[in-house]
Structures are given as structure tokens and as C-alpha cells.
Amino acid sequence: MKTSKILLLAGIAALVGVFFAADLGRFLSLDYLKASQSNMAALYAQNPWGVRGAYFFTYVAVAALSLPGAAVLTLAGGAVFGFGWGLLLVSFASSLGATLALLTARYALRDRMQARFGVRLRAINRGVERDGIFYLVGLRLVPLIPFVVVNLAMGLTGMRIWTFYWVSQLGMLAGTAVYVNAGTQLGRIQSPADVLSPGLLGSFALLGVFPLLARKLMDAAQRRKVYARWKAVRPKTFDRNLVVIGGGAGGLVSAYIAAAVKARVTLVEAHQMGGDCLNYGCVPSKALIRSAKLAHQMRHGGLYGLQNTEPRFDFKAIMRRVHEVVAAIAPHDSVERYAAMGVDVVQGYATITNPWTVEIALSGGGRQVLTTRSIVIAAGAQPLVPPLPGLEDVGYVTSDTLWERFAQLDEVPARLVVLGGGPIGCELAQAFARLGSVVTQVEKAPRILLREDAEVSTIATAALRADGVQVMTGTTAVRCEQHAGADATIKTLVVDHGGVEQRIVFDQLLCAVGRVARLSGYGLEALGIPTDATVPTNEYLQTIYPNIYAAGDVAGPLQFTHTAAHQAWYASVNALFGDLKKFKADYTAIPQATFIDPEVARVGLNEQEAQEQHIAFEVTTFDIDDLDRQICDTGASSQTHGFVKVLTVPGQDRILGATIVGNHAADLLAEYVLAMQHGLGLSKILATVHTYPTLAEANKYAAGTWKRAHPPVALLEWAQRFHAWRRG
């Protein structure tokens, strides 16, 4: 903590200490006020402005220092100054003092509290940002809640100072008026509690609820405004309870849940069931990676006591296997399976013509129009193609088109350029390098896997380079060129590396620079739903139309298959039962993995994110190479393969995040996902029996490393004395 903050807190503590040590509180008691009322009235008559000023600054000090006695001071304002002047002085003095208390808490404590409890406070901060005015007005109107607590608590949030001041000024006015008016009849009051009758307390409670009710009314008015131009076309009855657009992970889960609870649901898919993950992403890439890994292991058979062998393979056969794997999994996402579950699956292009109507251009010709109470948009995403001059002329593939295009090749691409250093680019660069391609990976950022910690990027870079990938970071693609050579057209990528142009000759170019949500063609623009990058949604995954939801890549913020499925539960349940109960989407523990070798997997915060968000943390690291099973699998002389790194709250075993780099890291991560989702700390993981010898023991040893760094010192000292006594 900064010296200035320490001095401020010390000064405040000293003033409060003097207040109690000198028993200054006796001057803020009701008995003292009654006894000295005539003297104060006489003094006020002699010097009205001086007394008003002294009273004002005294009240500000009491409120700013959060001292007891504000209620008696308010009564004194009415008793000495009368209702008009008393209300004026108390209203401004109390609001100013409250604001000073807020500023003190904000300056001295907020950064520390946000750092320590940032994850827990994140939802509160968002709520204050969105609805803070309504909650503050409600708190100010309920005298049962001490204003001191409100002042300090709001100081720990991001509420704007001016907003806090004027809301406090207005919100406290009713209660202030009651107390000041009571002060004008001081002789009838035996204690401050006499001011507030049960009826008056009830009235204030109703006033406190009013702002929250007003918020609900405003939401209702906003909904009415959004639906206003569609009022004439709203159906009286509906064909469906839910229409789902998109047959990927988000759409399939949404449709499945609706059918499971016996709702009438239609799923509309324009292309292939299973979406990107099955047909172009997760499944085919992992099938290719497995073949590439086996080829790598054959080349390094000496590590296992075998002979190093250069693998011989037919590239067409490898690509044929990839498609066979996709075909084997496809029945899990097929039309037939979902139809058997009770889902009405329609092949075609869906357009939302109004908030309750979906028009489908059927793949087989013709049109179908469905009315529905709710809609879930789960259209997925597609590869981003950069506006690179000459790119269209030389030709390129993406993670979507690669599988069909490369299936036509007789040989693995001899020279492959991969644009992008994210998970997709890294996975495919390594896989094709292991299959024999000369791979150049171009990344504009200073390192690959930029969202991971720097040490993770270092290990990933070393692993790719060990497999022959030329990793060029800090390199910008400038343009593509081609010209006729002796035997064939020569294709070249021109890059800027450190201010110097370089030319990279290639046979195939893979664009893997990111993915963008599919938002056009669904009628969203005509509805007025923003389509800049993703579909904006609230915490319930509702768009600007409360009956239209979005899930998966179109909603963001994370483009993972399992995130889409996770969001789909909330979207479909809220769409079907939201009038009874709505659920906020929970992103507490969303795992992610990059399937290079060694794998990179993470849940929650990593170090760079915690630092960016100013969240305090401790780091515990366990090197997987010390694990018995890792030594069995890779040999005693193997190079560094990875680690388990866990971020925890300082001094506590509560997990903020975990990163694993190593074999089967994505599988090992599940234990941390479970722990974070259900609030289990490292001590629980340490107390769990793990099979020996397995890689999963790395999680237990990481927990043990944390435990050794946080020994129960006092208990151990007592145990030492106990054992010494037992020895006599």
C-alpha cells in the first residue's frame, strides 16, 4: 500500500481514536442536546451565520469520518435552526460528508479490495455500472440500512462520484426531512428511535422498493418500445415454442433441451448438421493431429528403445481417415437422431421477419413460415480472411476449406505458409510440419499464443521449431505475388519483418487469423439488432428483443464448442421458462485448450490477465517432468515438457485459475474446472486420492507444493512441544 494511503488511514484512525478517547460522543447525545438547547438557541440568535457554519462543518466531519451521532445532529438542526434552515444545512452537509467518506474508501481501500476479491466483485461492479442509481436510491430511502455502510461500500465500487452525490442528496431528503421536523419538537422525543414509528418505517421500506420497481417498469417500457412497430403482427397463437437457427453445438443443445422438456421446437440448418466443430474444426483437426503425432513418434522411436524410423504414408489415405472420423461421429449430430428426440429439423436458410416469425428458404425448394414464442440464434462463426493484396489471385485455404481442398492432393503440401499464431494456426502448423511440409508460420504479434502467459508461448515456440516450423513473430504480411517459373507458377508471400521486406515462396497458404460471427442473412439488421462483431446480449443471453436469444460464437465472448453448448442451456431454458425464472449465464470456469504437442490448457485467470485486471494472486508451479508417469512415458533424459501453474488468492487455497502445459493437459485440466465451478480449494485436491502412476498426480503435487508454502506454523509449533512432552 502506498505511503500516502497509509498516512490517510492513520490520520483517520487517530481522529476517530481522539473522538472516543476524549468521549466527544457525549456532545452528540440526545440528553446533551436537550440540556443545551436553550444555550444553542441563544448563541444562534447572537451569531446566526457563525453557528450555521460551525454546525455545517461539524456535520460534514462526522459524516466523512463515519462517526456515530448523525441522527442527533439532524435533530439538532431542526431544534436550533427550524425546519427550513435545518433541512437545507443537513441535506447538503450529509451528502457532502457521505461523498468524502466514499472518496476516502475509494482512494485508500478500493484497489486493495478489488485486487483481493476482484473475481467476486466483478458481477457487483457490472451491476452497479448498470443499475447503481436504482440500488443507491433504494438504500438511501430505507433508514434501517446505516448510511455509513452505504457510503463505504459504494466507495469500493466504480460508481461515479457525481452520481453518488446527487442520488444521495435526493435519496436522503425524505428521511432528513422527517428527522429535522422531529427536531423542531425536541421536547417530545425521548430517544432517536421515537422519530420513526412502525408505520413510517413501513412507508420508507416501500419507498426503498420503489426504485427497483421503477427499474422493472422501465424495462417493461423498453420492451414495449422495442416491440411497438411489431404490435400489429404479433400472433395470437404460435406454431412453435422455440425455433433454433443453426445446427452446431449451440443449436443442437438448445434444440435437445427444448425437446427434452416437451416443448415444440424446430431446428433450422442450412448446411451440415454438427456445425463447424464436427465438419471443419475440432474433429477433423484432431484426427489429423493424431496421425501427425504418430509420424513424429516413429521418427523418435529411439526415445522408447526402438529404432528411429522415417514414416512412409499416403497423404490421401491420411485425409481419407480424417473424413472417415468425421463420418463416424456425424450420426451423433444427425437429422435422424434429433428427429427421434422430437426435434423438427428443417434444412434451409432462416430469416427472422419479425420477433415471432421465421421464414425458411427450404434447401429442396419452397418456403416455410413458422411463428414462435422464442428464437435462439446459434449460427456460429467463419474464418476471417484478411484484406491482403493479391491473396485472391494466389489462392488460399482456411480451416473450413482445407479438408476438401487438401483431400484432392496426392502429396502433403511441400511448402506451406500459415498466417496466424493463434490456437488453430499453431495446431495445423505443427501437424503439417510433422507430416513433412516445410512450414512457415507468420504472426504479427511479438509472440504466438498471445493470450497465454509468456512462458507458455516460449514453450510452444520451441516445440514448433523443434518440429521444423519456421516461426516468424513480429512479422506483418504485406502482399501476395505470383509469376511464371520454369515449370510452374511461383507463389510468394511478401512480409515485413523488422522493417525489412522478405519473400516466402509457398505452394499452399492457410489463413488462420481468427474467426468472425455469422451475422448476415438472418434478418437481424431489419430488426435493429446490432451486428458489428457479435450479437449484444444481456446476462440472460437475450438480445434487444427479450424473446430472441443468442448463443455460441454469435454471442461471444469465447469461441469454443463447449462454451456454445454451455450458453445454449441458459438460452433455451430462459427462452422456455423465463417468465417464471431466468438464469444468468455463468462463466466462472470455462476451460480452453490448444492441441499442440505439448498441449496447452487453461481455466480461469492466467498471470497476465490477473495483472491486467489488478487482481492480487499467488503462483504455485509444479514441473511435470518430475512426475513418475511422465518419466515412464518420455524417458529420464527427456527435455522439459511442461508444468502445472495455479493462481490462488493470496494466503488462501481458493483457485483463481490454472494453466497446464504437457501431455494430455486438456484432460488434466478437468479437475481444476470442477474445483473452480464448485468452490473447492487446493486443499480438497490434495486430500483426493489420485491413481499411481498417472499424469493426474501432477494436480495433487501442485496442491502439495502450495501446502508446503503455507504450513500451519502455530499448529506445528504446538505439535513439536506436544511430542517433546510425550518423550519426557
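Start by selecting helix 12 and helix 13: helix 12 crosses helix 13 in a right-handed sense. A crossing is called right-handed if the near helix is turned clockwise from the far one by less than a right angle, and left-handed if anticlockwise. Helices here are DSSP runs of H or I with at least four residues, strands are runs of E with at least two, and both are numbered from the N terminus.

Before going on, a word on what is on screen. This is a predicted model, in which local features need pLDDT of at least 70 and side-chain atom pairs count only at pLDDT 80 or more, while totals for chains, interfaces and linings use all residues. Residues are numbered from 1 along each chain as its sequence is written, and side-chain values use heavy atoms, with hydrogens and water left out.

**Stop 1: helix 12 and its two partners**

Keep residues 282-299 (helix 12) and 315-329 (helix 13) selected. Their axes are 9 Å apart and the packing angle is about 135°. That makes helix 12 oblique to helix 13. Axes are lines fitted to C-alpha atoms, for helices over the stretch in contact, and angles run from 0 to 180 degrees between N-to-C directions. On that scale, under 35 degrees is roughly parallel, over 145 roughly antiparallel, 65 to 115 roughly perpendicular, and the rest oblique.

Now show side chains. Helix 12 brings Val-283, Pro-284, Ala-287, Leu-288, Arg-290 and Ser-291 to the contact, and helix 13 answers with Ile-318, Met-319, Arg-321, Val-322, Val-325, Val-326 and Ile-329. Contact means heavy atoms within 4.5 Å. Colour the contact of helix 12 with helix 13 by class and you get 10 nonpolar, 1 polar and 2 charged residues. For the colouring, Ala, Val, Leu, Ile, Met, Phe, Trp, Tyr, Cys and Pro count as nonpolar, Asp, Glu, Lys and Arg as charged, and the others, Gly among them, as polar.

The axes of helix 12 and helix 17 come within 8 Å and cross at roughly 45°. That makes helix 12 oblique to helix 17, and the crossing of this pair is left-handed. Pick out Ser-285, Lys-286, Leu-288, Ile-289, Ala-292, Lys-293, Ala-295, His-296 and Arg-299 in helix 12; they meet Glu-427, Leu-428, Ala-431, Phe-432 and Arg-434 in helix 17. The contact of helix 12 with helix 17 has 7 nonpolar, 2 polar and 5 charged residues.

**Stop 2: helix 10 against helix 20**

Hide those and bring up helix 10 and helix 20, which pack at about 35° with their axes 7 Å apart. Their crossing is right-handed. By class, the contact of helix 10 with helix 20 divides into 10 nonpolar, 4 polar and no charged residues.

**Stop 3**

Most residues other than glycine have a negative phi, and most peptide bonds are trans. Go to Lys-262, in the loop between helix 10 and strand 2 (265-269). Its phi is near 70°, a positive value in a residue other than glycine. Lys-262 is exposed, with a relative accessible area of 75%; buried means under 20%, exposed over 50%, and partly exposed in between, with a 1.4 Å probe and protein chains only.

Then jump to His-664, in the loop between strand 21 (655-662) and helix 23 (665-668). Phi of His-664 is near 60°, again positive, and His-664 is partly exposed at 42%.

For the peptide bonds, zoom in on Gly-556 and Pro-557, joined in cis with omega about 0°. Pro-557 sits in the loop between strand 16 (548-550) and helix 20 (561-577). Asp-597 and Pro-598 are also joined by a cis bond, with omega about 10°; look for Pro-598 in the loop between strand 17 (591-594) and strand 18 (599-604).

**Stop 4: a buried loop residue**

Select Asp-453, in the loop between strand 9 (438-442) and helix 18 (454-466). At 4% relative accessibility, Asp-453 counts as buried. Leaving aside neighbours within four places in sequence, Asp-453 contacts Arg-447, Asn-606, Glu-607, Gln-608 and Lys-645.

**Last look: the whole chain**

Zoom out. The protein chain has 27 helices and 21 strands, and buried residues make up 45% of its 728 residues.
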